[in-house]
Amino acid sequence: MLSVVNTVRDLRAALLAWREAGDTVGFVPTMGALHRGHIALVEQARKATKRVVASIFVNPLQFGPQEDLAKYPRQLEADRKMLADAGCDLLFTPTPEEMYPNGAVTKIDPGPLTGMLEGAFRPGHFTGVATVVVKLLLQVMPDAAFFGEKDYQQLLVIRRIVQDLNIPVHIVGVPTVRDTDGLALSSRNAYLSPEDRQRAGALPRVMQETIAHILEGADIEKTLKAGQEKLRQAGFSSVDYLELADATGLSPLRAMNTPARLLAAARMGSTRLIDNMAVDRP
């Protein structure tokens, strides 16, 4: 049965009882508006640990002044049911005042990984992500925490923070869950009109085509530019990036000499979509 708490005090009281019983704890932090991708994280946590905690907190620190904090989808009752059905044991739903009490000013600088790609287009975003994730990890102190590879740069940032700050938690990356046309599941997909949703399927398709050309030996710079043009022709109003990057440090690659990742961000209507795929030779 799923229990719900909304204060750090009650969260720690529940966790203490589990730890005294010798239970391992898995943690799935979310911003709600859950979908099958989130549930895949819970299922992985369920397999790896005895107890599973999820959090739902729409973190104001990671939204820029022109971004969608106010309209970010919120569906707490539906989310609670999904978590209960997936076997989650405890849901933590703090308010902003609980997470950032007394005018909290301390923030986490995540370092150079945040100066590129998403960090370049969303200044301050990863500082907000890093700050809330560190707080949540210290509040829950799980044995393992589960994050989707769909937010690949975020996953690398969190792994770096945990390593640098010696936080005793294993960070587990879980493969992206996709819809039938390949589009990565995201809470923001709900913003898409039916027509835009249909056209958005071009994003994973163009990424797969781009990867195929790269692996065939095509010029990487020209292939990436061609991929961006294909996205615009498919109906994306703008393309922030379509980049081949080193899989561990995200530095741009123009030769396939190390494990790589293709990362993309493009806007369909008013909705900004991101995705990434591994680039592996057969």
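Start by selecting helix H6 (residues 125-140) and helix H7 (residues 152-164): their axes come within 10 Å and cross at roughly 55 degrees. Axes here are lines fitted to C-alpha atoms, for helices over the stretch in contact, with angles from 0 to 180 degrees between N-to-C directions. Helices (H or I, at least four residues) and strands (E, at least two) are DSSP runs, numbered from the N terminus.

H6 and H7 are therefore oblique to each other, the word for angles that are not under 35 degrees (roughly parallel), over 145 (roughly antiparallel) or 65 to 115 (roughly perpendicular).

Now show side chains. On H6, the contact (heavy atoms within 4.5 Å) includes Phe126, Val129 and Leu137; on H7, look for Gln153, Val157 and Ile161, among others.

A word on what you're viewing: this is a predicted model, where local features need pLDDT of at least 70, side-chain atom pairs count only at pLDDT 80 or more, and totals for chains, interfaces and linings use all residues. Residues are numbered from 1 along each chain as its sequence is written, and side-chain values use heavy atoms, leaving out hydrogens and water.

Next, the sheet. Six strands form an open, parallel sheet in the order S1-S4-S3-S2-S5-S6; strands pair if DSSP finds at least two bridges between them. From one strand to the next, the twist averages 25 degrees.

Last stop: select helix H3 (residues 76-86), which packs on the sheet and touches S1, S3 and S4.
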